[in-house]
Each structure stands twice: as C-alpha cells, then as structure tokens.
Amino acid sequence: MRVQRFTIGLALALIAAAMFAVFYFNLYRVGQGSGRTVVVLLKTTNVRSDFWQGVKGGAAAAAKEAGAKLEVLGPLQETDTEAQLALLEEAMASGPDAIVVAPINDDRVVRLLGRIQAAGIELVVMDTPLRMARQPITVSGNHREAGRQAGEFAEKHAAGPSKVAVLSDYEGSGVSAEREKGIKEALAPDGYAGTTYIGDSEERAYEKAKELLARKPPVGAIMALNEPAALGAAKALKESNRTGAVRLIAFDSSIFLIKLLEDGSLDAMIVQRPFNMGYLGVINALRRLDRRELDRETYIDTIVVTKDSMYSPENQKLLFPFK
C-alpha cells in the first residue's frame, strides 16, 4: 500500500514538475521577446498623411501584440532626405534591436542602412525596395502590379482607343518608376502618351493637366501617381468640364482623394493596405530577431476602389481604418 502511494505521489510530482517546466519555459520565451525595442522610421509622421498614419497604426498593433517597445519617427515632409538621414543616425545611436524603415531612395540613405546592418541591428525595409549589398527583409506593395491594375482600368473604361498620360512625382522615385512600368505593360502599344514630373506641386500638376487636355485629340485618361498630381488634375478637369469624359486614376488613399471619388471627380483609386504593411514590418523584424527563416520579399496586395465599390464593408475599413 505504501509502495502504491509512493508511486502515485512520485508520478504526481513528476507531472507537476513537467508542467512547471513548460510554464517556466513559455514564460521565459515570452519575456525574452517582450523587452525588445523596435524603431519604425516612416517617410513622414505628418497627421495629414492617411497612408503613413495607417502604417503607424499597423506597427503599433504588432508591437502591442508581441509586447515589444516601439518608437515611431519620421520627417514632416516625405521628400526631406536630410531629416530622414538625421533620424536614422539618431535611431542607430539609440541601439534598438531592430529598425523598420520606409526609406527615401537616395544613395546616402542606402549607405547609412548598410551601416545599421553592420552594427548588428536587424533591418526591415518597407514600401520602397532598395538594392543593397546585403539585401534586407522587405515589406511593400507590388507597385508594378498596381500600375497594371491602373492601366487595365483605363483600357476598359476610357472612351474608345485613347492615350493615357502619367503625372508622376520625381524621376528618381523607385515606387513611381515601378508603377509606370506596370501602366505601360497594361496599355495598348500606342496607348501611352508620356510622363510628366510635377514633384509635390499641385499647381504644377494643374498646369500640366491643362496642357494635356488642350491636345488634339486630348488624352483619354490621366494617371496621377501621387496626391498633388490627382488634386491638380481634378481641378483642371473640372474647369474644362471634362470630369468623367477623361478618366482620372490615382494611387493610394487620403481624405482628399476620397472626397474626389465621392463627388465623381476621380474615377478610381489603386489602394494599398498600409495597416498591413506596418504590422508585417514590425512582426517580420521580431521574427528575424528570433532567427526564423522568412521570405526576403513580402508583398501587400492592392485593390481598385471606385465610387460604386467604396461603400462596401471591406473598402470602408480600408479607406477609414480608424473609424
């Protein structure tokens, strides 16, 4: 009887010890991840930029879920290379476990990111893939595919066989270059009417759009690769009473573009999922810190949103993620 009690007691003790070991191991494993620090450096932290605020929201959700410490930095202007360089230097000096960055495409930024890797800081690049000696993990939209979606929409909805013109931001923009490639691939051989660079100037976009509309025959569609291009082109179309007759297609989403879509000034938006980008940027950084194997490139899909489809529940969540 005593032997039996001893055996049962020993078995219970072993089970308890095993359960404690599993609990302690899991607690230790979570504790190891919860103290990690991730710095996210956006192209801008300007509250007017719905896209980058969406990326910030996704990054915050991922950090909270994983119990990681998060710091979000960024210039006020998307094209402020000097400010981004200074913030990257600041982030590197703080010695985080990982830096997740949406870089401005500049050779100085690329060199600094190489120094960050050499310092042993895990690096994840969002939005703008870069060519580096040691390729980092990348999370971005498939910008070429987004361009194809825009080109296909123009081919389908423009009135008859017509030319498609592109209003882009800067000639050196990697994202815009990929979008432009996709647009050209989707158009008929003689459907491309050229690209004009307007920087971030709504006024320049307005003037260039008026020139396009004055052609004989005028273009049948305008692709606006950034928000100022879309706003300027919409103004030119309205003043010339060509809204709807000449298709206007924009990329990404903002409250101003949504208003244009609602009132019919804009025919379609090619929309990314910025929340997903920020979320996966941070999650992939933490996974790399755990030495997990990951694909070098993760693509976030894009969708075509029109006035008819913008009120669907899925698109409402996409266009208004913080409501």
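The model is predicted, so local features need pLDDT of at least 70, side-chain atom pairs count only at pLDDT 80 or more, and totals for chains, interfaces and linings use all residues. Residues are numbered from 1 along each chain as its sequence is written, and side-chain values use heavy atoms, with hydrogens and water left out.

**Overall make-up**

The protein has 11 helices and 12 strands. Helices (H or I, at least four residues) and strands (E, at least two) are DSSP runs, numbered from the N terminus. Of the 323 residues, 48% are buried. Buried means under 20% relative accessible area, exposed means over 50%, and partly exposed lies in between (1.4 Å probe, protein chains only). Contact means heavy atoms within 4.5 Å. Among contacts with a separation of 6 or more, 73% join residues 24 or more positions apart.

**Cores**

A nonpolar core is a set of buried Ala, Val, Leu, Ile, Met, Phe, Trp, Tyr and Cys residues joined through side-chain atoms within 4.5 Å. The largest one has 34 residues. Leu167, Ile222, Leu248, Leu257, Leu266 and Met269 touch the most other members. Helix α8 (residues 227-239) gives the most to this core, with seven residues. Apart from it lies another core, of 23 residues, including Val40, Leu42, Trp52 and Val139.

What does Leu248 touch, not counting residues up to four places away in sequence? Its partners include Ile222, Ala230, Leu237 and Leu266. Ser265 and Asp267 are also among them.

**Pockets**

A 1 Å grid is laid over the protein atoms alone. A pocket is an open set of points where a 1.4 Å probe fits, with protein on both sides within 12 Å along at least five of seven lines. Lining residues have an atom within 4 Å of a point. Grid points are joined across faces, edges and corners, and a volume is the space filled by probe spheres set on the points.

| Pocket | Volume | Lining |
|---|---|---|
| Largest pocket | about 1000 Å³ | 12 nonpolar, 16 polar and 12 charged residues |
| Second largest pocket | about 430 Å³ | five nonpolar, eight polar and five charged residues |

Here Ala, Val, Leu, Ile, Met, Phe, Trp, Tyr, Cys and Pro count as nonpolar, Asp, Glu, Lys and Arg as charged, and the others, Gly among them, as polar.

The largest pocket is lined by 40 residues. Closest to its centre are Trp52, Glu78, Asp200, Asn226 and Pro228. Helix α6 gives the largest share of this lining, four residues.

The second largest pocket is lined by 18 residues. Pro129, Leu130, Arg131, Gly174 and Glu178 lie nearest its centre. Here too α6 supplies the largest share, five residues.

**Helix α9**

Which residues of α9 are buried? They are Leu257, Ile258, Leu260 and Leu261. These four cover an arc of only 160 degrees around the axis, so they sit on the same side of α9. The arc is that of the directions from the helix axis to the C-beta atoms. An α-helix has 3.6 residues a turn, so residues three or four places apart point the same way. Just after α9, Gly264 takes a positive phi of about 90 degrees.

**Leu280**

Leu280 is found in helix α10 (residues 274-289). Is Leu280 buried, partly exposed or exposed? At 23% relative accessibility, Leu280 counts as partly exposed. Leu280 touches Val139, Thr298 and Ile300, not counting residues up to four places away in sequence. Leu280 and Ile300 are 20 residues apart along the chain, and their C-alpha atoms are separated by 9.3 Å.
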